[in-house]
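Work through the exercises below with the sequence and the 3D structure at hand, and try each task before you read its solution.

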Amino acid sequence: MKLLYLISFLFTIIITFTWANAQLCNGYAELCNKSYSSVSFVATHNSYAYGANVAATQNYDIPTQLKDGVRAFLLAALSNPNPSKSTDIELCHTSCDLLDSGTVANTLKNFTTFLQNNPNEVVTIFWRNFFSNLTVSDFKTAFDKAGLTRYCFTQPLGAPWPTMADIIKSGKRVINFLDSGADNKTVPWLMSEYSYVFETPYDNSDPNSWPCTIDRPEGQSRPLYMINHFLYTVLSSGSIEIEIPSRSIVNTTNGASLQTQAQNCTKIFGKAPNFIAVDFYDEGSKNTNVFSVIANFNGVPYVPTTYGNGILPYDVSKTNNVNIIKPSLSTAIVSLLMIFIFVVVEL
């Protein structure tokens, strides 16, 4: 009887410990023990460029994207077009004359608020600096203004990536990559993208051609990789060509076409993509979109959802505690059984 008492007591302790320490990482317990380099993330191309503009690549703003489960963001920064009024760097692509989404600092405040309210979430930002040659200090100033610097994570080059749970535990939950001009001595958390990540071609205008080749850095593999799956429509006027986001067939682009390229790249590169960057992230075919493809790679369930102004794919409002109790039915039954055995033995 004493042995039975001891066994039941130990089982109760183990089950209770497991139950109380169930944690969610980016919405799923299944991701917590995976390394960052083994997780796939939904990414939005030119995340800040939304609304009724011919250059817009998204239908919804960054706070809505965060609500919907987007966790990687491609942002492009330029010097302020009116330096006499402000030296704050702006979110623009190539030129602020076509689309100017305001200061970098104001947009980054959205990430600060989100991370404060959702401490189990990890976010990645890719910075496009190739056309502007801003200094890392310019970026740091914007991060400081937004209160986001304290969340920035630094990954030693060549070291294994930590698990999602370890990143969350560290409190440093923003991973930043810069495509040009990184200086790890001045701002170590603004990491040189192409030392860590490679990308597939990004200048796509043929809906029937989605190559799985290493475009940047050319021919050089890296531990992480991004699939660029967004389509341009080319408008020509004489010798002038202008590329604009292709909205007309986005349901196909973000549906079967996306799934096919993701599967092909997984076979060719020998691992699932870490990031899939798309335009108009909320659109796709009836049963296939960037969220369903990513969920499949991560081995987590996908529930069809209306994005944009719809409901959350998972309720991040309930992830405000570092450890979240999420017991399964079987765990609860076993715990109750152990308590029952304990009572019987005592009697």
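Rings of Phe, Tyr and Trp (its six-membered ring) form a pair if their centres lie within 6.5 Å, and planes under 30 degrees apart count as stacked, over 60 as edge-to-face and the rest as tilted. The model is predicted, so local features need pLDDT of at least 70 and side-chain atom pairs count only at pLDDT 80 or more, whereas totals for chains, interfaces and linings use all residues. Residues are numbered from 1 along each chain as its sequence is written, and side-chain values use heavy atoms, with hydrogens and water left out.

**Exercise 1.** Find how many aromatic pairs the whole structure holds, then classify the pair of Phe73 and Phe111.

*Solution.* A search of the whole structure gives 21 aromatic pairs. The ring centres of Phe73 and Phe111 are 4.9 Å apart and their planes stand at 80°, so this pair is edge-to-face. Next, place the residues: because Phe73 belongs to strand 2 (residues 72–78) and Phe111 to helix 3 (residues 104–117), the pair ties together parts 38 residues apart in sequence. Here helices (H or I, at least four residues) and strands (E, at least two) are DSSP runs, numbered from the N terminus.

**Exercise 2.** Decide whether Phe73 and Phe111 are buried or exposed.

*Solution.* Buried means under 20% relative accessible area, exposed over 50%, and partly exposed in between (1.4 Å probe, protein chains only). Phe73 has a relative accessible area of 0% and is therefore buried, and Phe111, at 1% relative accessibility, also counts as buried.

**Exercise 3.** Classify the pair of Tyr281 and Phe291.

*Solution.* Their ring centres lie 6.1 Å apart with planes at 75°, so the pair is edge-to-face.
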